[in-house]
Amino acid sequence: MPHSISKSALLIMDMQKSVVSQFVKDREDLLPFQKAIETARSHAIPVIYVRVAFRPGYPEISSRNKMFGGIPYRAGAGADAVAAMEAAVQIDESVQPQPNEPIVTKVRVSAFAGSDLDVILRSRQIDTLILSGIATSGVVLSTLREAADKDYALTVLSDACIDADPEVHRVLTEKVFPLQAEVRSVSEWAESLSGTN
């Protein structure tokens with residue numbers, strides 16, 4: 001297997017039920033994610049899932065954090081709240097991991113924030129990340145920036161990223177991301193691998 005493929009991993013980020021239900025109106029929008037996963041698996045590229053989740057009582061959340069600070073108040077306390085949170089952080093059924101595919105839990109926006117993602121990547125000697133997820137302006141942007149600073153080679157799958165604001169998605173994928181990553185559609189990425197299996 002060529003060096004570049006054996007050192008790559010596909011990240012499926014924030015594709016948990018609570019996020020998908022908020023951002024995805026048409027389930028067909030999930031087809032590029034499914035194709036990316038199938039492509040990675042068929043080329044023996046590891047698929048790693050990333051989700052955001054917190055311990056009961058939310059000890060990781062600061063009241064100063066504008067994005068996450070209100071979660072404890074909205075979620076409430078008690079067994080019902082814990083059960084609801086556990087259900088919300090499960091990976092959406094459209095992109096279910098296989099038993100050997102790790103699920104990394106983070107506590108902030110970037111896939112690296114408070115997670116063991118970097119340890120998993122280094123243990124597998126991965127140096128190239130293929131990024132997908134929800135939202136383009138959230139986990140994808142934050143992870144791309146941090147991964148670039150960690151010297152990972154990067155590809156963003158533009159149609160396997162979703163954002164609430166289509167114009168923000170366009171500006172990021174056309175103007176911002178290309179400064180630090182290759183930006184390709186899932187089909188273009190799959191085609192680039194077709195001669196390497």
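Reader: Leaving aside neighbours within four places in sequence, which residues is Thr 173 in contact with?

Author: Thr 173 is in contact with Thr 136, Ser 158, Pro 178 and Val 183, where contact means heavy atoms within 4.5 Å. This is a predicted model, in which local features need pLDDT of at least 70, side-chain atom pairs count only at pLDDT 80 or more, and totals for chains, interfaces and linings use all residues. Residues are numbered from 1 along each chain as its sequence is written, and side-chain values use heavy atoms, with hydrogens and water left out.

Reader: Where is Thr 173 placed?

Author: Thr 173 is in helix H8, residues 166-176; helices (H or I, at least four residues) and strands (E, at least two) are DSSP runs, numbered from the N terminus.

Reader: Is Thr 173 buried or exposed?

Author: Thr 173 is buried, at a relative accessible area of 9% (buried is under 20%, exposed over 50%, partly exposed in between, with a 1.4 Å probe and protein chains only).

Reader: What lies 2.8 Å from a polar atom of its side chain?

Author: That is the backbone oxygen of His 169. The backbone oxygen of Arg 170 lies 3.3 Å from a polar atom of the Thr 173 side chain.

Reader: Changing topic, how many residues has the largest nonpolar core?

Author: The largest nonpolar core has 26 residues, and Leu 121, Leu 129 and Leu 154 have the most contacts inside it. Such a core is a set of buried Ala, Val, Leu, Ile, Met, Phe, Trp, Tyr and Cys residues joined through side-chain atoms within 4.5 Å.

Reader: Which element gives the most to this core?

Author: H7 does, with 5 residues.

Terms used:
A polar contact is a pair of N or O atoms within 3.5 Å; within protein, one must be able to donate a hydrogen and the other to accept it, and residues adjacent in sequence count only if both atoms are side-chain atoms.
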